[in-house]
Each structure stands twice: as C-alpha cells, then as structure tokens.
Amino acid sequence: MRNLLTLLTGVVFGTGIALSGMANPAKVINFFDIAGSWDPSLAFVMGGAVIVTFIGYRLVLQRERPVFEPQFDIPTNRRLDVKLIGGSAIFGVGWGIAGFCPGGALPALGTGNTNVIIFVVALIAGMFFTRFMLTRGGAGGKTAQPAE
Amino acid sequence: METSFTPFASLGGGILIGLAAVMLMFLRGRIMGATGVLAGALRPASRYDWTWRALLLLGMFTGPWVYLVFAGSLPAIDVPVSTVMLLIGGFLVGIGVTLGSGCTSGHGVCGMARLSPRSFAATGTFMLTTGITVYLVRHVFGA
C-alpha cells in the first residue's frame with residue numbers, strides 16, 4: 001500500500017505537469033517573454049499549486065508524523081547565502097535558455113521525446129559536475145543541505 | 001512561436017501538482033521537489049530511500065499517458081530552441097539547482113507554501129534571471 005500510494009503521488013504530479021503546460025518549453029519561454037509573445041498561463045499553475053499546497057500542508061503538519069514514516073523530513077535551514085542566491089540565479093539562466101525545468105522535464109521523459117532526453121542528460125551532468133566540485137572543494141559537499 | 005492562453009488547464013494542472021505535494025508530505029513526510037527527488041534517486045542514501053524516489057519518478061513518467069487518456073493526445077512539447085541551447089541550458093540548470101538546493105517545484109511551490117524565506121529568495125531570484133535571459137535571447141541576440 002505504501003509503495004502503491006507513492007507511485008500514485010508521482011502519477012498525480014506527472015499528470016498535473018502534463019495538463020499545466022510546464023512540460024512545454026514554448027509555453028514556459030512565452031510566460032517570461034512579456035515583451036514578445038506573452039502567454040500568462042503559467043501564473044495559474046504556480047497560483048493553483050501554491051494555494052493547494054499551503055492549505056494542505058497546514059492540515060497535514062498538524063499530525064504527529066506522516067502515514068508511512070516516523071517523522072516529517074523538512075528543511076530547517078533559514079539562512080540566505082551566496083550559494084542559494086547564486087545557484088538560483090544560474091538555474092534561472094538555464095531555464096530561460098532551455099525552457100525546461102526539472103519538474104517539467106521529468107514527467108515529459110515518459111514520452112521518450114528526444115529533446116527531453118537531451119535536456120535531462122545535460123541536467124544530470126550539471127548536477128554531478130557541481131556535486132563533484134563541491135566535494136573536491138572540501139566542506140562544501142558535506143555541509144550542503146539536501147535539495148528541496 | 002505563439003502559444004494559446006490556457007488558464008483552466010494550467011490552473012487544473014497546478015492544483016494536481018499541489019495535491020501531489022500534499023500527498024507526499026502526508027504519506028512520506030517529504031518535500032515534492034523534482035531536484036531533490038532526482039538527486040536522491042541518483043545517489044540514494046539506502047535501498048529504502050531509493051525505492052520511494054524511483055516509484056515517484058516512475059509515476060511521474062506515466063503522467064503524459066494519463067493525460068493522453070483524458071485529452072486524446074500527448075501533451076505538446078514544442079522546443080523553440082536548438083539542441084546546443086538545450087545542452088547548455090540543461091547543464092546550467094543542473095549546476096543551479098544543486099547549488100540553490102531546489103527548483104520550481106521545491107522552492108517555487110513547496111517552499112513558498114510553507115513560507116520558507118530561503119524559498120522566497122530563491123524563487124524571486126530565478127524568476128528574475130529567467131525573465132532577463134529570455135529577454136536577452138529573444139530580443140537582444142534574436143535567437
């Protein structure tokens with residue numbers, strides 16, 4: 001049951017991404033192209049997702065623990081640092097160039113689309129490259145917060 | 001390339017994304033961030049840790065096919081950029097989400113929903129740099 005419901009959670013996420021347009025780079029880039037062929041649709045994706053999550057988290061986090069785990073695993077770091085801001089800035093540049101973000105591309109991978117595969121291979125290469133550089137740099141890799 | 005304004009489909013998709021985030025917190029106590037799920041699946045802490053991530057990813061891959069059942073076609077994946085740009089963009093996204101500990105789903109949805117100051121800062125930053133990048137690529141360099 002635990003595994004089946006986890007799988008179902010992935011199905012709901014993937015279907016949401018497919019319906020929302022987040023897996024479509026043309027739509028994503030147009031959302032940011034206010035000076036050109038602007039398509040404001042993606043504001044509705046983030047709006048809908050944040051409102052549902054905001055309300056849902058408030059209900060769920062009143063529980064002692066999640067259904068299948070001994071405790072909630074939620075990031076506690078509250079520090080704004082150069083790594084967070086610099087990393088997010090670089091992510092935005094990449095998102096603007098390619099039009100895919102990880103959450104949009106992973107469900108789209110299920111279609112076997114060549115462009116999605118190319119993006120995800122580059123994405124994983126970038127993740128491993130960064131992890132390697134951080135680990136080589138010493139403490140950075142070890143103290144790094146788990147990604148959200 | 002023009003795309004049509006789809007407020008209802010996009011809102012519906014957003015609601016499903018939010019629902020999945022709430023389900024994952026309710027069931028497994030985890031943040032529904034694509035970056036975190038993928039990074040952990042590639043370097044799992046244990047077999048148990050790998051299993052839930054792999055199941056979640058497997059479920060995600062079926063999303064476009066569930067969409068097909070209801071909509072009658074697979075979702076559009078129109079890529080208005082070159083393969084070189086996909087590679088450069090993908091590599092930069094990989095660097096950025098690793099350093100920044102998250103992406104649109106982790107920071108933009110889950111983090112903002114739990115009012116995390118880091119996620120607000122991250123989301124504000126990447127929305128800004130994405131917008132600047134799209135402007136430069138489309139209207140300055142004309143790619």
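Predicted model: local features only at pLDDT ≥ 70, side-chain atom pairs only at ≥ 80, totals over all residues.

Helices are DSSP runs (H or I, at least four residues), and axes are lines fitted to C-alpha atoms over the stretch in contact, with angles from 0 to 180 degrees between N-to-C directions.

Contact means heavy atoms within 4.5 Å. Among the residues that meet are A:Phe119, A:Gly126 and A:Arg131 in H6(A), and B:Leu87, B:Gly90 and B:Gly94 in H4(B).

## Residue B:Met25

B:Met25 belongs to helix H1 (residues 7–28) of chain B. Its relative accessibility is 0%, so B:Met25 counts as buried (under 20% relative accessible area, 1.4 Å probe, protein chains only). Beyond its neighbours within four places in sequence, B:Met25 has contacts that include A:Tyr57, A:Leu61, A:Phe72 and B:Ile31.

## Annotated spans of chain A

The unreviewed UniProt entry places a "transmembrane region" at residues 41–61, 82–110 and 116–134 of chain A; such annotations may be inferred rather than shown by experiment. Residues 41–61 of chain A are 95% helix and 0% strand, with end C-alpha atoms 30 Å apart. For residues 82–110 of chain A, the span is 83% helix and 0% strand, and the end C-alpha atoms lie 35 Å apart.

## Conventions

Residues are numbered from 1 along each chain as its sequence is written, and chains are lettered from A in the order in which they are written. Local features need pLDDT of at least 70, side-chain atom pairs count only at pLDDT 80 or more, and totals for chains, interfaces and linings use all residues, while side-chain values use heavy atoms, leaving out hydrogens and water.

Conventions. Helix = DSSP H or I, 4+ residues; strand = E, 2+ residues; numbered from the N terminus. Buried < 20%, exposed > 50% of the residue type's maximum accessible area, 1.4 Å probe, protein only.
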